[in-house]
Amino acid sequence: MKNKEGQSPAIQVLERTFALLDVLASHQDPVSLKAISESTGLHPSTAHRILNDLALGRFVDRPEAGSYRLGMRLLELGNLVKARLDVRDAALGPMRELHKFTHQPVNLSVRQGDEIVYIERTYSERSGMQVVRAVGGRAPLHLTSVGKLFLASDDPQRVRAYATRTGLAGHTKNSLTEIGALERELAMIRQRGLSRDDEELELGVRCMAAGIYDDQAKLIAGLSISAPADRLEEGWLPRLKETAAHISSALGYRG
């Protein structure tokens, strides 16, 4: 078994253990010792010995003699890892790289109720744009690229309930203040997997955004690039999407 860098474990028994766990992980139902041996290439006695040791540590369960499945200890450890994952920590490095590529502000935002909250930003004075929305700042969902990603993930009833609660108040002449226009925009976002803000929150500023997902495939944050309206480049979209996917992967997303 090799990792992404092509490295193998230095201790042979660990390499075999990883192979056994991977086989169990690829099956929903308990797996027989014979099938495990055939999948890993390990002699049945070798696989049996390692699996028994894993069972002692609750990393593997034996629901019946001669069959195995992943154990509850892995779930306990997985929950600990998940609890310690922080989207800001996972995003900051990739955000800085994206900023170096675009030389424009890169924002990380999450949803709180009917608003987007900016929780991290990377930018420099060279961007040539006055940054109005500081970290901790808020904005309505329907006026921001990230906010529209979250609305696009809602069902139609929830979107209409949002429109009723907020009245879809606008900030600029470009703001989407009619439910029909908003619904058409959300439909396009679902098709593209990307979202835009065309001077809808602030005149002179445009944004593009991609979603960040957790291990349950739930949208938990959005990554956006902000730029002066005449400087936002379509060529940034693939890099934006790639960066958001990289952060999602670090959070356990496998979609």
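This is a predicted model: local features need pLDDT of at least 70, side-chain atom pairs count only at pLDDT 80 or more; totals for chains, interfaces and linings use all residues.
Arg58 sits in the loop between helix H3 and strand E2 (60–61); helices (H or I, at least four residues) and strands (E, at least two) are DSSP runs, numbered from the N terminus. Arg58 is not a glycine, yet its phi is positive, at about 65°. Its relative accessibility is 40%, so Arg58 counts as partly exposed; buried means under 20% relative accessible area, exposed over 50%, and partly exposed in between (1.4 Å probe, protein chains only). For background, most residues other than glycine have a negative phi. The table gathers the residues here with a positive phi.

| Residue | Phi | Setting |
|---|---|---|
| Arg58 | about 65° | loop between H3 and E2 (60–61) |
| Gly113 | near 65° | hairpin of E4 and E5 |

Residues are numbered from 1 along each chain as its sequence is written, and side-chain values use heavy atoms, leaving out hydrogens and water.

Now follow H3 back to its partner. The axes of helix H2 (residues 33–40) and helix H3 (residues 44–56) come within 9 Å and cross at roughly 110°; axes are lines fitted to C-alpha atoms, for helices over the stretch in contact, and angles run from 0 to 180 degrees between N-to-C directions. H2 and H3 are therefore roughly perpendicular to each other, a label for angles of 65 to 115 degrees. Leu33, Ile36 and Ser37 in H2 meet Pro44, Ala47, His48 and Leu51 in H3, with contact meaning heavy atoms within 4.5 Å.

Next, look at strand E4 (residues 106–112). Five of its seven residues are buried, so E4 is largely enclosed by the rest of the structure. E4 pairs in the antiparallel sense with strand E5 (residues 115–122) over seven bridges, and with strand E9 (residues 219–228), also antiparallel, over four bridges; two strands pair if DSSP finds at least two bridges between them. Val106 stands opposite Thr122 in E5, while Ser109 has Gly222 in E9 as its bridge partner.

Technical notes. Angles under 35 degrees count as roughly parallel, over 145 as roughly antiparallel, 65 to 115 as roughly perpendicular and the rest as oblique.
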